[in-house]
Amino acid sequence: MLLNNFLFLFIIGAVIGSFLNVCIYRLPKNLDIIFIRSFCPRCKKKIKWFDNIPLISILILKFKCRFCKKSISIQYFLVELVSAVYLCLTLLFISNLIDLILLSLIFYIFIVIFVIDLKHYIIPDSLNFSLILLGIIKNFFPETSLNLNQDMFQTLIGGAIGYFLIWIIIFLYKKIKKIEAMGLGDAKLLAGFGFLFGLKSVFIILFVASIIGLVYSVPKLIVGKSSLNTAIPFGPFLIISAIVYYLYLSSL
Ligand SMILES: [Zn+2]
């Protein structure tokens, strides 16, 4: 079967990664993700097909646009590489096609949220709602062997509490410290995890994400590179935490 072919999956994964890069660039700008040809974000020149081959073209071009010679972010290469490696790795653990599609949709949305939040400090609703939708859809595939929660009550209550947990943090920070601690995008993201993994997960994921956030921030605070009021995107920490949580469940 095709699924047994690693090289095939690596190429498919890299092509998907290339599409994810398009989403990462265009979603925050509300640009069409399908019907506009790829262009250089700096000089806006259309990118020729041979300069648009995932992973390869960017290496040949030495991370510079062919026309304006301005540098191309390493993000483009990394997203394609991670997408490709992910698909190959998944093949080692998953043989069921529905599981493969479900997990891949979730993981690829994770990647897009991770990078967009890192760059723009926002999480587009379309992505959070897609996760929530997947969280509901997966309940209708009881034969899946993924470690997702499939009890509808757990799914809904997990989503609601996930949203509420971050909403209350935002509310309290606003009241007490008069600052915007997080955005509602983070609340919807944690709701998405609740929909996917159930009630218990939202507490663990939020806790671990906070620890990761601390580990990330404290050294910067100590060397004075940031203050307590410096904004940091929380979405990437939530995503890492959710992946760790899922891997931990799967290792049990
Ligand atoms: Zn250019």
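Guide: Helix axes are lines fitted to C-alpha atoms over the stretch in contact, and angles run from 0 to 180 degrees between N-to-C directions. Helices are DSSP runs of H or I with at least four residues, numbered from the N terminus. This is a predicted model, in which local features need pLDDT of at least 70 and side-chain atom pairs count only at pLDDT 80 or more, while totals for chains, interfaces and linings use all residues. Residues are numbered from 1 along each chain as its sequence is written. Here, helix 6 and helix 8 pack with their axes 7 Å apart, at an angle of about 30 degrees.

Visitor: How are helix 6 and helix 8 oriented to each other, roughly parallel or roughly antiparallel?

Guide: Angles under 35 degrees count as roughly parallel, over 145 as roughly antiparallel, 65 to 115 as roughly perpendicular and the rest as oblique. Helix 6 and helix 8 are therefore roughly parallel.

Visitor: Which residues in helix 6 and helix 8 meet?

Guide: Two residues are in contact if their C-beta atoms, placed from the backbone, lie within 7 Å. On the helix 6 side are Gln154, Ile157, Gly158, Ile161, Gly162 and Leu165, which meet Leu199, Ser201, Val202 and Leu206 of helix 8.

Visitor: Ile170 is also in helix 6. Is Ile170 exposed or partly exposed?

Guide: A residue is buried if 20 or more other C-beta atoms lie within 10 Å of its own, exposed if 12 or fewer, and partly exposed in between. Ile170 counts as partly exposed because it has 17 C-beta neighbours inside 10 Å. Beyond neighbours within four places in sequence, Ile170 is in contact with Ala181 and Met182.

Visitor: Which residues have the most contacts inside the largest nonpolar core?

Guide: A nonpolar core is a set of buried Ala, Val, Leu, Ile, Met, Phe, Trp, Tyr and Cys residues joined through C-beta atoms within 7 Å. The largest one has 49 residues, and Ile24, Val112, Ile113, Leu190, Ile205 and Leu238 have the most contacts inside it. Helix 4 supplies the largest share of this core, 12 residues. Ile24 touches Val79, Val112, Val115 and Ile116, leaving out residues up to four places away in sequence.

Visitor: Against which helices do the buried residues of helix 9 pack?

Guide: They pack against helix 4 (97-120), helix 7 (184-197) and helix 8 (199-222). The buried residues of helix 9 include Phe237, Leu238, Ile239 and Tyr245.

Key: Helices (H or I, at least four residues) and strands (E, at least two) are DSSP runs, numbered from the N terminus.
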